[in-house]
Amino acid sequence: MTAVIHTRAELAAAVAGAPEVAVVMTMGALHEGHRTLIRTARERSAFVLVTIFVNPLQFGPNEDFAKYPRTLEADVEACRAEGVSVVFAPSRDEVYPGGAPQITMNAGSIGELLEGASRPGHFAGMLTVVEKLLMLTRADVAYFGEKDFQQLALIRRMVHDLELGVEIVGVPTVREPDGLAMSSRNRFLTPDQRRAALTLSRALQLGAEQTDAEAALATATKILDEEPSVRVDYLALTDLLLGPAPAEGPARLLVAAKVGTTRLIDNVAVNLERR
């Protein structure tokens, strides 16, 4: 039976005595990608806790905090179907009892790249709530999707640098049958915009077939340029820590773009070979 709780006191009681606390952090509007995170957690841990909280700190002044989908009843039903032990759905005051925190996490130089350059303050807000929820839930292990690859890299770095003692597990991106990366924002796309949005995954997949960095970027760029409805924010090839792409070995090809008013991100693994 899935317990639904809303306060810190309830949370402390819920996790007390659990042999291992596995956490999946979400902002709700759960889709198959979230459910895959939950299933992955349940393969290892008997006690899985899902947090549902739309974090205001990680939204910029011109972003979609107000219209971000809030579907708590459906989300709880999805968690029950996946055998979640506890859903923690706190209010803003419960997470930030003193109002907006005056001291937040610094995302460092990695947080200023890519998404950080396009969304100033986003990663400081994200890391602040993740650190807070890791502590409140007393997490032993936490699961995050690779679709938000820069987020995953920053969380791993934060946990390492601050010695938080939590294992961070990355879970591969879940895609729709047509290849579109699953996202709560996909629901805002019209049918025509959705067709245009498929250019992102197609560009990445064809770029990832190349084993040379220049060729990978050129291939992906050409495909993106052929779709005028896609307004590219960035396309980048990096190492696994978001630094410059290596001459050979594993790398990551990342893209962010707007289709209509909806901003989408995606990424794929690339294996580079020395010429």
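The legends below describe close-up views of a predicted model.

In this predicted model, local features need pLDDT of at least 70 and side-chain atom pairs count only at pLDDT 80 or more, whereas totals for chains, interfaces and linings use all residues. Residues are numbered from 1 along each chain as its sequence is written, and side-chain values use heavy atoms, with hydrogens and water left out.

View 1. Strand β2 covers residues 22–26, where strands (E, at least two residues) and helices (H or I, at least four) are DSSP runs numbered from the N terminus. Five of the five residues of β2 are buried, a word that stands for under 20% relative accessible area, with exposed meaning over 50% and partly exposed the range in between (1.4 Å probe, protein chains only). In a regular strand the side chains alternate between the two faces of the sheet. Here Ala 22, Val 24 and Thr 26 point one way from β2, while Val 23 and Met 25 point the other way, and all are buried. β2 pairs in the parallel sense with strand β3 (residues 48–52) over five bridges, two strands being counted as paired if DSSP finds at least two bridges between them. Ala 22 has Val 48 as its bridge partner in β3. With β5, strand β2 pairs in the parallel sense over three bridges, and there the bridge partner of Val 24 is Tyr 143.

View 2. The chain crosses from β3 through α3 to β4 in a right-handed β-α-β crossover, right-handed meaning that, with the strands pointing away from the viewer, the path from the first strand over the helix to the second runs clockwise. Another right-handed β-α-β unit is made by β2, helix α2 (residues 32–44) and β3. Within helix α3 (residues 72–81) lies Glu 73, which counts as exposed because its relative accessibility is 70%. Glu 73 and Gly 28 are 45 residues apart in sequence and 9.9 Å apart in space, C-alpha to C-alpha.

View 3. The structure holds three aromatic pairs. The ring centres of Phe 59 and Tyr 68 are 5.9 Å apart and their planes stand at 75°, so this pair is edge-to-face. Rings of Phe, Tyr and Trp (its six-membered ring) pair if their centres lie within 6.5 Å, and planes under 30 degrees apart count as stacked, over 60 as edge-to-face and the rest as tilted. Phe 59 and Tyr 68 are both buried, and together with Phe 65 they form one aromatic cluster. The charged end of Arg 70 sits over the ring of Phe 65, 4.8 Å from its centre, and that of Lys 67 sits over the ring of Phe 188, 4.7 Å from its centre; the criterion is that NZ of Lys or CZ of Arg is within 6 Å of the ring centre and within 35 degrees of the ring normal.

View 4. The 16 residues of α6 (residues 122–137) should span 22 Å at 1.5 Å a residue, and the end C-alpha atoms are 22 Å apart, which agrees; the expected span is 1.5 Å times one less than the number of residues. Twelve of the 16 residues of α6 are buried, so the helix is largely enclosed by the rest of the structure; among them are His 122, Phe 123, Met 126 and Leu 133. Arg 138, in the loop between α6 and β5, has a positive phi of about 55° although it is not a glycine.

**View 5. Helix α8 and its packing.** Helix α8 (residues 191–208) has 18 residues and reaches 27 Å from its first C-alpha to its last, close to the 26 Å expected at 1.5 Å a residue. Its buried residues, including Ala 196, Leu 200 and Leu 204, pack against α9 (213–225), β7, β8 and β9 (262–272). In the loop between β7 (230–238) and β8 (249–259) is Leu 242, which has a positive phi of about 75° although it is not a glycine. Leu 242 counts as buried because its relative accessibility is 5%.

Terms used:
Contact means heavy atoms within 4.5 Å.
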